[in-house]
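Please open the structure in your viewer and keep the selection panel at hand.

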Amino acid sequence: MSSPAIECKNLSRWYGEVQGLAGLNVTLDKGVFGLLGPNGSGKSTFMRLLTGQIHASRGSVKIFGEIMVPGNYHVLRHIGYSIGEDVHFENETAIDFMKMLAVLGGEHGAAATKRAMQALDFMGMAEKANVRLCEMSKGMRQRVKVAQALLFEPDLLLLDEPLNGMDPTNRRQTIDRVREWGESGRTVLLASHVLHEVESVTDRLMMLHHGRLLAEGRLSDIRKLIDRKPRRATIKGKNLRQLISELLGDELITGFNQDIDGRFHLDTFDLPVLLEKLSVYGRSGIIETLETDDQELELVYSLLLSDNA
Amino acid sequence: MINAIKSLAAFTWNSRMKNAGVIVFAVIALIPAILSFLAIQYAVEDLSPVVFLREYIVPINVYFTLPFIALFLTLPTVASLYEKGAIAYIFTRPVPRWACVAGILVGSILSATPLLLLAALAPSLVLGIFTPDSFGEVMSLGFMHSLLLILSVIPYCALCVLLAIWSKKPLLWAAFLLFFWGTVVGSLPGDAKIWSLHHYVMGLAKSMCGIEKVATGLLPPSATPPSDGLSVLVLIVITVAMLYLAQLAAKKRDVY
């Protein structure tokens, strides 16, 4: 298809007084893209606008050159969508659920069953085809959700928090499947609030914050931004002054301060090396607690917001 | 498109009928049969089963069982799909919204049908078994009664589907329109009743089941009921109009 998979112009959505998405201008073509943002940042709103579930308050969205509005069902032939929330049809088994959606997609009879089984098999859920959705674990339901999105081998795959509730093995398998899909010349947009989840699938991402596009580009560029700022380790323990003076003699520490609780905050550009050194002292019992600002997404946001300011 | 409608109808049927809640509906549908049994066991000797059916059981079913089953069978299916957000699975498929609405409506009507058959035929069967002389007449009335209920539940379900999609508080609206505006206003003397669907259902009830009055004297049928042709036309127009408005509402209402 010659038109871009997704083309948004000034796309906005309010829920009453609350801003869900504000003036989004984005064009996405082939490949895997991450949509990163904390809860309430507008990821699901964006996904719903892309799938015609909600109306835009302003602006427009085009899917492969066709305007997407609720009721424009023709465009949906190109889209596979996995819902963010853990919702399902209570009484249905996985295969009945998939067959029903296959029929709604245009297949019927044995062809619908075959397609449904293929999609379940692709997600490693063929053996659980006859289990009712309400009896499955959340992780299993997540895989069925991704499977239903893949039913018609869509050119545009939209996955809203697809890894939530999955165990590490399933997570790994799903990541591999999604990456595989993106590498086959299609477009995948994966929304998540966890940086390393997105990082494991793609290097290209968009970051939303309060409904606005905060950053767009390569994750490696954002990593460089992180590396430009010192990271912080916080320690607490007994007789730390000697340790601090030793560390200060080293160029590893770029700054430090002590709070009223007696905790020392150590700033460094090389957090892994500092942690390795501290772990040695930890083993000797000098350090009682050690915390790091490993909330990477929060750090990225604070960095980007401070840069924007 | 037909396959999509069939698939959604099957889904709606499964969600209502493969559910413990169906026992409640079955019990409600059996109330007329229980009343018939009590009447035949404890009534005065000259009780006419045909008159009892006409003046007692048919009104109970038209005034209460029909709107109750239409309302509580249809509303929860659609409303819970919206409330939980599971409707997104349906609306993100390449199917026009009218087909989605039609599928749910067909499923609701099919789910209501066995319950209404139970409500209409079981009393006839009970009365017929205890009064073998009038078995044929009672069963014949039972079949007409069944047909009346099945025809009438179509616009009732269509109205409920519209309300469930259009409103976030469909129960209040449906109760108001089916019971107050329907049963009560539709039985009032004067011209107000011509705006009530119940008036046309009762028009058909008079010609199909021969209802002239109700045993309780409450909410009596109109002395000047609409003709059969007009009644059927109104039921069809209401169904089509509700379906049209429901698909418009489905396009307009956001899913989240």
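At what angle do helix H5 (residues 97-130) and helix H9 (residues 228-252) of chain B pack, and how far apart are their axes? Select the two helices in this predicted model: H5(B) and H9(B) pack at an angle of about 125 degrees, with their axes 8 Å apart. Since angles over 145 degrees would count as roughly antiparallel and those from 65 to 115 as roughly perpendicular, H5(B) and H9(B) are therefore oblique to each other. The crossing in which H5(B) passes H9(B) is right-handed.

Now show the side chains of the contact. From H5(B), select Arg97(B), Trp98(B), Cys100(B), Val101(B), Ala102(B) and Leu105(B), and from H9(B) select Leu243(B), Ala246(B), Gln247(B), Ala250(B) and Lys251(B), which together make the contact. Coloured by class, the residues of this contact of H5(B) with H9(B) divide into eight nonpolar, one polar and two charged.

Chain A has 309 residues, of which 39% count as buried. Of the contacts in chain A with a separation of 6 or more, 66% are accounted for by residues 24 or more positions apart.

Select S1, S2, S4 and S5 of chain A, which form an open sheet of four strands in the order S2-S1-S4-S5, with antiparallel pairing. Its edge strands are S2 (18-28) and S5 (66-67) of chain A, each of which pairs on one side only. Within the sheet, strand S1 (residues 6-15) and strand S4 (residues 58-63) of chain A pair in the antiparallel sense over five bridges, and Ser12(A) stands opposite Arg58(A) in S4(A).

Continue to helix H2 (residues 94-104) and helix H3 (residues 109-122) of chain A, whose axes come within 8 Å and cross at roughly 120 degrees. That angle makes H2(A) oblique to H3(A), and H2(A) passes H3(A) in a right-handed crossing. Among the residues that make the contact are Ile95(A), Met98(A) and Val103(A) of H2(A), together with Ala112(A), Arg115(A) and Leu120(A) of H3(A). By class, the residues of the contact of H2(A) with H3(A) divide into nine nonpolar, one polar and two charged.

Keep H2(A) selected and bring chain B back into view. Here 26 residues of chain A are in contact with 25 residues of chain B. On the side of chain A that touches chain B, the elements that give two or more residues are strand S6 (79-82) and H2 of chain A, and H2(A) provides the largest share, four residues. That side of chain A has 13 nonpolar, ten polar and three charged residues.

The last stop is a hairpin. Select strand S9 (residues 204-209) and strand S10 (residues 212-218) of chain A, which pair in the antiparallel sense over six bridges. Met206(A) has Glu216(A) in S10(A) as its bridge partner. Two residues lie between the strands of this hairpin of S9(A) and S10(A), where His210(A) takes a positive phi near 50 degrees.

Methods:
Residues numbered from 1 in each chain as written. Chains lettered and ligands numbered in written order. Predicted model: local features only at pLDDT ≥ 70, side-chain atom pairs only at ≥ 80, totals over all residues. Buried ≥ 20, exposed ≤ 12 C-beta atoms within 10 Å, placed from the backbone. Contact = placed C-beta atoms within 7 Å. Pairing = 2+ DSSP bridges. Axes fitted to C-alpha atoms, helices over the stretch in contact; angles between N-to-C directions. Parallel < 35°, antiparallel > 145°, perpendicular 65-115°, else oblique. Left-handed = near helix turned anticlockwise from the far one by under 90°. Nonpolar A, V, L, I, M, F, W, Y, C, P; charged D, E, K, R; others polar.
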